[in-house]
Each structure stands twice: as structure tokens, then as C-alpha cells.
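The sequence and the structure come next.

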Amino acid sequence: MAKAARAAQAWRTYKDVTKPGSPGLGARLRALPRMISAVMHGDYPGMGKGKLAMMGLGVLYIISPVDLVPEFLVLVGVADDFGVFLWLMGSLLGEGGRYVDWERERVRSVRP
């Protein structure tokens, strides 16, 4: 069930990225370093440091040579990494889009 939920989240993120007027994939990816910095400095209220830490742990899990489910268990070993990857990409792209929208709104509210 959890794998289906991650796949559904990835599909929703894809639909959101391709929606007209929504920040595109490139804008979301370019915004990630700014978003991380804003979260760390407490400037961006849309995401807490806890969620950022979970995303960081997701990145470490994917690149780590130590795995909770070994790769020699072919289907299960690869599926757990792919599930984490889907969650991470969905989360990063979703948060990146919300951050870009927040930046745009902030710029509009500052202009006279």
C-alpha cells in the first residue's frame, strides 16, 4: 500500500509540474538551494527543519552503500530504494514548487 501511495504522490507531482502557470521542473530544481538556505535561516515558513532533515536522510539512504534491505534480494532490495527515491523526488519537487510560489508572492507584496 505504501508503494502505491508513493507512486500516486509522484504522479500528482508530475501533474503539478506540467500544469500551466505552475513552476516548471527547472525552476523547482534551481530553487532547491535557495529553499534549503531559507529553511535553515528560518526565513521560509512553509517547511520546517524536521522535514528538511528527513529529506537529507532520504538522500543519504539512496547514496549509502549500507542498505536496510540488501540489493541481492533483487525485487525487494531495489524496490525499497526506488520507493525512497519516489518519495524524495515528490517531496523535493512539491516543496520546490511551493517555495517558488512563495518567492513570487513575496516579490509581488513588496512591490508598490
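Does Tyr99 count as buried or exposed? In this predicted model, Tyr99 counts as buried, at 5% relative accessibility.

**Aromatic pairs**

The whole structure holds four aromatic pairs. In one of them, Tyr44 and Tyr99 have ring centres 5.0 Å apart and planes at 90 degrees, so this pair is edge-to-face. Tyr44 lies in the loop between α2 and α3, while Tyr99 belongs to helix α4, so the pair ties together parts that are 55 residues apart in sequence. Tyr44 is buried too, with a relative accessible area of 6%. Tyr44 and Tyr99 also form one aromatic cluster with Trp102.

Another pair joins Phe82 and Phe85, whose ring centres are 6.3 Å apart; their planes stand at 25 degrees, so the pair is stacked. Phe82 and Phe85 are both in helix α4, three residues apart, which is about one helical turn. Phe82 is partly exposed at 47% relative accessibility, and Phe85 is partly exposed with a relative accessible area of 36%.

**Salt bridges**

Side chains of opposite charge can pair when their charged atoms come close. The count for this model comes to four salt bridges.

| Glu103 | Arg34 | 2.8 Å |

The salt bridge of Glu103 with Arg34 links distant parts of the chain: Glu103 is in helix α4 (residues 74–110) and Arg34 in helix α2 (residues 25–41), 69 residues apart. Arg34 is partly exposed, its relative accessible area being 38%.

Glu95 is buried, with a relative accessible area of 4%, whereas Lys51 counts as partly exposed at 34% relative accessibility.

Glu105 and Arg108 both lie in helix α4; they are three residues apart, about one turn of the helix. Glu105 is partly exposed, with a relative accessible area of 45%. Arg108 has a relative accessible area of 52% and is exposed. Elsewhere, salt bridges that share partners join Lys51, Glu95 and Arg98 into one network.

**The nonpolar core**

How many residues has the largest nonpolar core? The largest nonpolar core has 13 residues, and those with the most contacts inside it are Met35, Val39, Tyr44, Met47, Met55, Leu92 and Tyr99. Helices α2, α3 and α4 each supply at least two residues of this core. The largest share, five residues, comes from α2.

Note on methods. Residues are numbered from 1 along each chain as its sequence is written. This is a predicted model: local features need pLDDT of at least 70, side-chain atom pairs count only at pLDDT 80 or more; totals for chains, interfaces and linings use all residues. Side-chain values use heavy atoms; hydrogens and water are left out. A salt bridge is a side-chain nitrogen of Lys or Arg within 4 Å of a carboxyl oxygen of Asp or Glu. Helices (H or I, at least four residues) and strands (E, at least two) are DSSP runs, numbered from the N terminus. Buried means under 20% relative accessible area, exposed over 50%, partly exposed in between (1.4 Å probe, protein chains only). Rings of Phe, Tyr and Trp (its six-membered ring) pair if their centres lie within 6.5 Å; planes under 30 degrees apart count as stacked, over 60 as edge-to-face and the rest as tilted. A nonpolar core is a set of buried Ala, Val, Leu, Ile, Met, Phe, Trp, Tyr and Cys residues joined through side-chain atoms within 4.5 Å.
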